[in-house]
Amino acid sequence: MAAYTNLLDIFNKPLNCRHLGCSRGSTCPVSFASLFLPSCLALETTVPATFVFWDSLVDADNNNYIRTIAKANFRPYGIDFPGGGSTGRFYNGRTIIDIIGEEMGLKDYISPYLAPTTVGDVVLRGVNYASGGDGILNDTGAIYGTIIMDAQLDNFASTRDYIISTAYVNDSSMASSKNLLGKAVFFVLMGPNDFIVNYFSPVPSIPKMTISPQMFVDLMVSIFKPCKMNCPFLGYFALYTYL
């Protein structure tokens, strides 16, 4: 899995926003950052926790705690991260979530669920459940042996139960675990691996898909839609990004 580079250039790249109703199309000086970061900054004083799901776009080290061939614990991964060492991120530096967290004023990066240090007060700031190589389809995650979608949701359910039963927050404006979860932000980024790793897989041992790309997309939507409606963070503020 290749390292993602020039992330800030991508983050600030002008968007073709004709699909948003803008007549200026590709000439419009609008970027992902200009659309999204103001909302993040507005949330800075109200978001008590952040929870992150799915694949290598946002994995912050979970894969290094499991048996999988999808690893990012070697160079050049991490060469631009503070300290210059690999961090389990599939990037040369920070992930999109790291950058957004900094813009929101978060003091620390969101900790990976499987890290032994993700306990106590650390959990109250949020948890990262993402696993590089995963997808909407459980079959996609099984190819690399990653933490599949159902398992990530189960891990969050365990975190939620832990917060409800044991968490405490000193800030009187967020004095209950219910309030903490209710004001948390959820980042869900998924989709590419279902095509890259699964549908168009170059691995001979992976059965070739016999359905059209559109039928495959319909299959992914049919699986994700029930998850979106019934997943354990139903009712909380969630940001779904299909990439």
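This report describes the fold, a central strand, a loop and the aromatic pairs of a predicted model.

## Basis and overall make-up

The model is predicted, so that local features need pLDDT of at least 70 and side-chain atom pairs count only at pLDDT 80 or more, whereas totals for chains, interfaces and linings use all residues. Residues are numbered from 1 along each chain as its sequence is written, and side-chain values use heavy atoms, with hydrogens and water left out.

The chain holds 9 helices and 5 strands, where helices (H or I, at least four residues) and strands (E, at least two) are DSSP runs numbered from the N terminus. Read from the N terminus, the order of these elements is α-α-β-α-β-α-β-α-α-α-β-α-α-β. Of its 243 residues, 45% count as buried; buried means under 20% relative accessible area, exposed over 50%, and partly exposed in between, with a 1.4 Å probe and protein chains only. Among contacts (heavy atoms within 4.5 Å) between residues at least 6 apart in sequence, 64% join residues at least 24 apart.

Strand 4 pairs with strand 1 (residues 50–54) in the parallel sense over 5 bridges, pairing being assigned if DSSP finds at least two bridges between two strands. Within this pairing, Phe-51 stands opposite Phe-186.

Helix 8, which spans residues 192–199, is largely enclosed by the rest of the structure, because 6 of its 8 residues are buried. The buried residues of helix 8 are Asn-193, Asp-194, Phe-195, Val-197, Asn-198 and Tyr-199.

## The loop around Thr-87

Thr-87 is placed in the loop between strand 1 and helix 3 (96–103), and with a relative accessibility of 18% it counts as buried. Leaving aside neighbours within four places in sequence, Thr-87 is in contact with Ala-60, Asp-61, Ala-72 and Phe-81. The side chain of Thr-87 also makes a polar contact with the side chain of Arg-89 at 3.2 Å; such a contact is a pair of N or O atoms within 3.5 Å, of which, within protein, one must be able to donate a hydrogen and the other to accept it, while residues adjacent in sequence count only if both atoms are side-chain atoms.

Arg-89 in turn lies over the face of Tyr-109, at 5.3 Å from the ring centre, the criterion being NZ of Lys or CZ of Arg within 6 Å of the ring centre and within 35 degrees of the ring normal.

## Aromatic pairs

Rings of Phe, Tyr and Trp (its six-membered ring) pair if their centres lie within 6.5 Å, and planes under 30 degrees apart count as stacked, over 60 as edge-to-face and the rest as tilted. By this rule there are 19 aromatic pairs. The rings of Tyr-77 and Phe-90 are edge-to-face, because their centres are 5.8 Å apart and their planes stand at 75°. Both residues lie in the loop between strand 1 and helix 3, so this pair ties together parts that are 13 residues apart in sequence; Tyr-77 and Phe-90 are both buried.

The pair of Phe-81 and Tyr-109 is tilted, because the ring centres are 5.7 Å apart and the planes at 50°. Phe-81 counts as buried at 12% relative accessibility, whereas Tyr-109, at 29%, counts as partly exposed. One aromatic cluster is formed by Phe-51, Phe-53, Trp-54, Tyr-113, Tyr-129, Phe-156, Phe-186 and Phe-224.
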